[in-house]
Amino acid sequence: MSIALQDRFVSDLPELAVRWQAESAPEPRLLVLNTVLAGELGLDPDWLRGPGLGLLLGSDVPEGAAPAAQAYAGHQFGGFVPRLGDGRALLLGELTDAEGRMRDLHLKGSGRTPFARGGDGLAAVGPMLREYVISEAMHALGVPTTRALAVVATGRPVYRETQLPGAVLARVASSHLRVGTFQYAASTGDRPLLTRLADHAIARHHPSAADAEHPYLALFDAVIAAQADLVARWMLVGFIHGVMNTDNMTISGETIDYGPCAFMEAYDPETVYSSIDSWGRYAYGNQPSVALWNLARFAEALLPLFDEDTERAIKLAETSLHAFQGHYDRRWTAGMADKLGLPHVPGDVVGGLAGEVLTQLQQNGLDYTSFFRRLAEAARGDAEPVRGEFIDLATFDDWLTRWRALQPDADLMDRANPVYIPRNHLVEEALTAATAGDLAPFEALMAAVGSPFEERAELERYAEPGQKEFTASFRTFCGT
Ligand code: AMP
Ligand code: MG
């Protein structure tokens, strides 16, 4: 099979690419392959399982391909790091998918690169399958995200707290351009490079910006809108990214870098799972304001392109940043209207009802995801399952009466409210088994979260929250 891998990033932006080769795998074994995504990319799944396995490891790339580690900088927990880059990842090149879109084919865990600093360049089976299941669940939930194509066990041990089996994740993204990519280009002081990067980003992601009066400001506005939309969608599904550093924020508006991320169970804006986020900087409820903070860092990188005069450039950036909240509120309110089955009700009424009921979920310690699904039953006339969850029933009944008077659409609610999300206890269970060699729980979990809105009686345990004690002590890890 001949694969047409382009080298657009490397040829447009050689200063941001270090050509590099993946480490070979002593005993490769395909653990999971996304056959639907492979099809979209024009890759034959049978070929990938056999002679094409080397593509998924980077050990056998097509003639003319130019695998490279990408350079980027980033604010990590608020502190600027001028040189991060792909320490254990490689961009293999770009593919054109069935719809004519350009998609990056990228590897994670493919060995040390010149950006590896102290790291070993490797990844373990557990965290790579974790990215696979959570990113694919996000896609199934309708949230823009990088996609997972495959996980291949390498046969090489990886040393963390214990010895773990190593793996490489092959992932696909509309690009890997990050806010941190612009921060890196800006910090070199090379204005033509920054301009070329911005032009590359416009061509790939926001082509209409090219025709605007101020193309670079239009690029900035488009990224603000895309990120406001993205983070609103995270909030609607209860997703906590966990490490919203500027190197983990894309220009495309796709979710990227599934490290310490997790789904919230009981509704609480202060929910944090990441073991390294001790101050709760990236808590669930902080995500919109962190996104705005990151976009301000993006603006700083772009300032020289906005206007020669720095004062004027700052004014323009501030005006654009002011639009974030409106974009966010509109997307969130529209999503909440669907979750509550009230698509034709004015936004302020939806916002008011949503705010009230979320406060009640928090006060009663209720699971965010299953609440909305049970609420649809109340819209159909059976309020008992959802009422049974509340301790403070009088307050909820008052809300319920007002909500029902608006004639909520239960079928719409079922299309907007997932039954299955990758719950922490289920993900842990699946990864522990997979690390020990049993992929059956992982496959069962994928089947559940791959069709999140379609309730299946035999999958009941996948719909239930974890034990409160488990969730309370649950921690996720970064850079693993
Ligand atoms: P992340 O927290 O995954 O976004 O990674 C932050 C930075 O650390 C990036 O520059 C990664 O390439 C790098 N990194 C993470 N883990 C490793 C590793 N095991 N070896 C080399 N670099 C790593
Ligand atoms: Mg990252």
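Author: Contact here means that heavy atoms lie within 4.5 Å. The model is a predicted one, and its protein chain is divided into domain 1, residues 8–173, and domain 2, residues 179–331. By that contact rule, 37 residues of domain 1 touch 37 residues of domain 2, while the centres of the two domains, taken over C-alpha atoms, are separated by 23 Å.

The area buried between domain 1 and domain 2 comes to about 3,100 Å², and carbon and sulfur atoms give 61% of that area. On the side of domain 1, His75, Phe77 and Pro144 supply 22% of the area which that domain buries against domain 2, more than any other three residues.

Turning to polar and charged pairing, the rule finds 5 salt bridges across the interface of domain 1 and domain 2, and it finds 15 residue pairs in polar contact across that interface, with both residues at pLDDT 80 or more. Glu15 forms a salt bridge with Arg196, and the closest N and O atoms of this pair are 2.8 Å apart.

As for the elements involved, those that give two or more residues to the side of domain 1 touching domain 2 are helix 1 (8–12), strand 4 (74–76), strand 7 (102–108), helix 5 (125–140) and strand 9 (163–173). Helix 5 contributes the largest share of that side, with 5 residues. Sorted by residue class, the side of domain 1 that touches domain 2 holds 18 nonpolar, 8 polar and 11 charged residues.

Technical notes
Residues numbered from 1 in each chain as written. Chains lettered and ligands numbered in written order. Predicted model: local features only at pLDDT ≥ 70, side-chain atom pairs only at ≥ 80, totals over all residues. Heavy atoms only, no water. Domains from an automatic or database assignment. Buried area = accessible area lost by both parts, 1.4 Å probe. Salt bridge = Lys/Arg side-chain N within 4 Å of Asp/Glu carboxyl O. Polar contact = N/O pair within 3.5 Å; in protein donor to acceptor, adjacent residues only side chain to side chain. Helix = DSSP H or I, 4+ residues; strand = E, 2+ residues; numbered from the N terminus. Nonpolar A, V, L, I, M, F, W, Y, C, P; charged D, E, K, R; others polar.
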